[in-house]
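Look over the sequence and the model below.

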Amino acid sequence: KVEDYMSHDVRSIHRAATIKEAGLLFQKYKVGSLIVDDGSRYIGIVTDSDLSRKAVAKGLDPNTTTVTACMSKSLVTIEEDELLSEAMGLMKKQGIRHLPVTADGTIIGVLSVADLLPALPDSPPSRSVARSDADFFLHRLSFPINSLPQGRTMASRRDHRPERWRR
């Protein structure tokens, strides 16, 4: 179940905080996401990826830009008693790597892709074995070929391999 893998630490940040403050909290707590609040309720989530893609890449000033400028406004959540495979499917479908976990509608933790690593098998699964949660995860979170960084091609990646691996 989700509760067996999630992090129980819920780290949050106020909506008026700057993205620089968010970056410092990511570093201090060694987390990849912060739940954004308005003082009375949670209103979104900001991730380290959000900072790099929506703020740094656009040249926004980290000292004046608030987290609301780059946070995801809709909070996709899952209940703690759901199966891990459900969480993985939801993360894949929504394209997210951090999933707030709730108990009766109240956020009690966060499940991240890194939290799922212990669920992965130590060795590659046999094709004859039925799909487990870990197999589902590996299948669902595979990266498409078009996810290479801009300006890089498969050929340019191959050229960096040791001589013995080149064709």
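Lys 54 and Asp 50 both sit in helix H2, which covers residues 48-56. They are four residues apart, about one turn of the helix. This model is predicted. In it, Lys 54 forms a salt bridge with Asp 50. The closest N and O atoms are 3.6 Å apart.

Why can residues at this spacing face each other? An α-helix has 3.6 residues a turn, so residues three or four places apart point the same way. Asp 50 counts as buried, because its relative accessibility is 9% and the cut-off for buried is under 20%. Lys 54 has 29% relative accessibility and so counts as partly exposed.

## A second salt bridge

How many salt bridges does the count come to? It comes to two. Here is the other pair: Asp 38 and Arg 41 meet through their side chains, at 3.5 Å from N to O.

Asp 38 is partly exposed, at 23% relative accessibility. Arg 41 is exposed, with a relative accessible area of 53%. The cut-off for exposed is over 50%.

## The chain as a whole

The chain has 167 residues, and 32% of them count as buried. It holds five helices and six strands. Along the sequence, the pattern reads β-α-β-β-α-β-α-β-β-α-α.

Helix H1 spans residues 19-29. Which of its residues are buried? They include Ile 19, Ala 22 and Phe 26. Seen down the axis of H1, the buried residues fall within an arc of 50°, so they line one face of the helix.

The other side of H1 tells another story. There, Gln 27 and Lys 28 are exposed.

Strand S1 (residues 12-14) runs parallel to S2. Three bridges join these two strands. Within this pairing, Ile 13 stands opposite Val 36 in S2.

Is S2 enclosed or open to the outside? It is largely enclosed by the rest of the structure, because five of its five residues are buried. Both faces of S2 are covered. Ser 33, Ile 35 and Asp 37 are buried on one side. Leu 34 and Val 36 are buried on the other.

Strand S3 covers residues 42-47, and Tyr 42 lies in it. Tyr 42 is partly exposed, with a relative accessible area of 34%. Tyr 42 and His 14 are 28 residues apart along the chain, and their C-alpha atoms are separated by 9.1 Å.

## A sheet of three strands

Three strands make an open sheet in the order S4-S5-S6. The pairing in this sheet is mixed. Which strands lie at the edges? They are S4 (78-79) and S6 (106-112), and each pairs on one side only.

Strand S5 (residues 98-103) pairs with S6 in the antiparallel sense, over six bridges. Leu 99 has Leu 111 of S6 as its bridge partner. Ala 103 stands opposite Thr 106 in S6. S5 and S6 form a hairpin with two residues between the strands. In that hairpin, Asp 104 takes a positive phi near 55°. S6 pairs on one side only, yet five of its seven residues are buried, so it is largely enclosed by the rest of the structure.

## The second largest pocket

How can empty space be found? Rolling a probe the size of a water molecule over the atoms shows where empty space is left. The second largest pocket has a volume of about 250 Å³. It is lined by 16 residues. Ser 7, Val 31, Gly 32, Ser 33 and Ser 112 lie nearest its centre.

Strands S2 and S6 each supply at least two residues of this lining. Which gives the most? S2 does, with three residues. By class, the lining has seven nonpolar, five polar and four charged residues.

Notes
Residues numbered from 1 in each chain as written. Predicted model: local features only at pLDDT ≥ 70, side-chain atom pairs only at ≥ 80, totals over all residues. Heavy atoms only, no water. Pairing = 2+ DSSP bridges. 1 Å grid on protein atoms, 1.4 Å probe; cavity = no way out; pocket = protein on both sides within 12 Å on 5 of 7 lines; lining within 4 Å. Points joined across faces, edges and corners; volume = space filled by probe spheres on them. Nonpolar A, V, L, I, M, F, W, Y, C, P; charged D, E, K, R; others polar. Salt bridge = Lys/Arg side-chain N within 4 Å of Asp/Glu carboxyl O. Buried < 20%, exposed > 50% of the residue type's maximum accessible area, 1.4 Å probe, protein only. Arc of directions from axis to C-beta.
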